[in-house]
Amino acid sequence: MKKCLMLMNCFSMEYRRHLLQSNIFAQEYELEFVTTYTKKPDENFIKQVKNSDLIITQNVKNIDEYTPGFIRKLMKKGAVLIVTEFWRFNGYWPYTSPTHRKSNSFWYPIDEFGLDLDFNSYKNTHVSPLTITDCFTESLIKLEEIDKNSDISIFDFFIENHKKIRFFSDDWHPTPFLFSYVTNEIFKIIGIDFKSSPMRLNGVNSNRYRIIIDSVKEELGLQYEDERVLFFGQDISVSAYYDFARDHQSDILAQNLDMKEVKALFLHSTSM
């Protein structure tokens, strides 16, 4: 069996789900993972690279041993390296919560317009068309710049389909539609005749789901509706998700709760 090494952050979970839809891939490749973030490689990393037949990387730039240039020097003859990117896009959220990303366990800010709003008021908050288009244009420029570093381009696919398909669950995480597209391009590169289908948002994305308000949807011509999300194993509406975030965001941040504690708080709140 061939070895496929995935060198990336939490994106690897989504690629794994979509790659393994193909029985051919599952039978031909044994998957191994190296989680990057800011962690230096362990002593086994060099051996993993040298033994791999296929390496899919997220184009890590801040750790020398994870860069494509370093990896290429170690790869065995005939091995394939596919460089993808850490695609991110903030074009649907003109205002960013001041508490956004200040906590490792809280990724779903809803306080851009104050904490006293109910769900419908939040969704109907007015943002000027100029603010919306400026944010979208700036984010589009950044997305195109990021995309140029990848062996697999997603930019044209995004432009053609972004009004009818939601491609980012928040500014740092693509949805399964984008992961499925990239996975299918990977299949083409390695000669597997198979097309994956976008899977439902899993915990990675649902814990990081940002609501797109109506004025943004209207100005940008977005045609999709909010979907239900799987949140800590519970199938809930976006309004229920919003209510939990609104009611508990301050406490979660103040107490710096970890993800297990946030999950316990959520499950307790839904059982009452």
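Student: Let's start with R17. Is R17 buried, partly exposed or exposed?

Tutor: Keep in mind that this is a predicted model. For burial, you read the relative accessible area: under 20% is buried, over 50% is exposed, and partly exposed is in between. R17 comes out at 21% relative accessibility, so it counts as partly exposed.

Student: And which side chain does R17 meet in a salt bridge?

Tutor: For a salt bridge, look for a side-chain nitrogen of Lys or Arg within 4 Å of a carboxyl oxygen of Asp or Glu. Here R17 pairs with E14 at 3.1 Å, N to O. Both sit in helix α1, 3 residues apart, about one turn of the helix. E14 has 0% relative accessibility, so E14 is buried.

Student: How many salt bridges does the structure hold?

Tutor: There are 13. Another one joins E185 and K188, at 3.0 Å from N to O. These two are also about one helical turn apart, in helix α8. K188 is exposed, because its relative accessible area is 56%. Then there's D243 with R246, at 3.7 Å. Some bridges share partners, and in that way K123, R166, D214 and D226 form one network.

Student: Which residues gather in the patch of negative charge on the surface?

Tutor: That patch is made of E144, E145, D156 and E160. Helices α6 and α7 each supply at least two of its residues. Take E145, in helix α6: its relative accessible area is 48%, so it's partly exposed.

Student: What about K217, buried or exposed?

Tutor: K217 is buried, since its relative accessible area is 7%. It belongs to helix α10, and its contacts beyond four places in sequence include K123 and D226.

Note on methods
Residues numbered from 1 in each chain as written. Predicted model: local features only at pLDDT ≥ 70, side-chain atom pairs only at ≥ 80, totals over all residues. Heavy atoms only, no water. Helix = DSSP H or I, 4+ residues; strand = E, 2+ residues; numbered from the N terminus. Buried < 20%, exposed > 50% of the residue type's maximum accessible area, 1.4 Å probe, protein only. Contact = heavy atoms within 4.5 Å. Patch = residues over 30% accessible without salt bridge, like charges linked within 9 Å, V, L, I, M, F, W, Y side chains within 5 Å. Areas by Shrake-Rupley, 256 points an atom, 1.4 Å probe, with all protein chains shown as cover. Lys, Arg positive; Asp, Glu negative; His and termini not counted. Charge placed at Lys NZ, Arg CZ, Asp CG, Glu CD.
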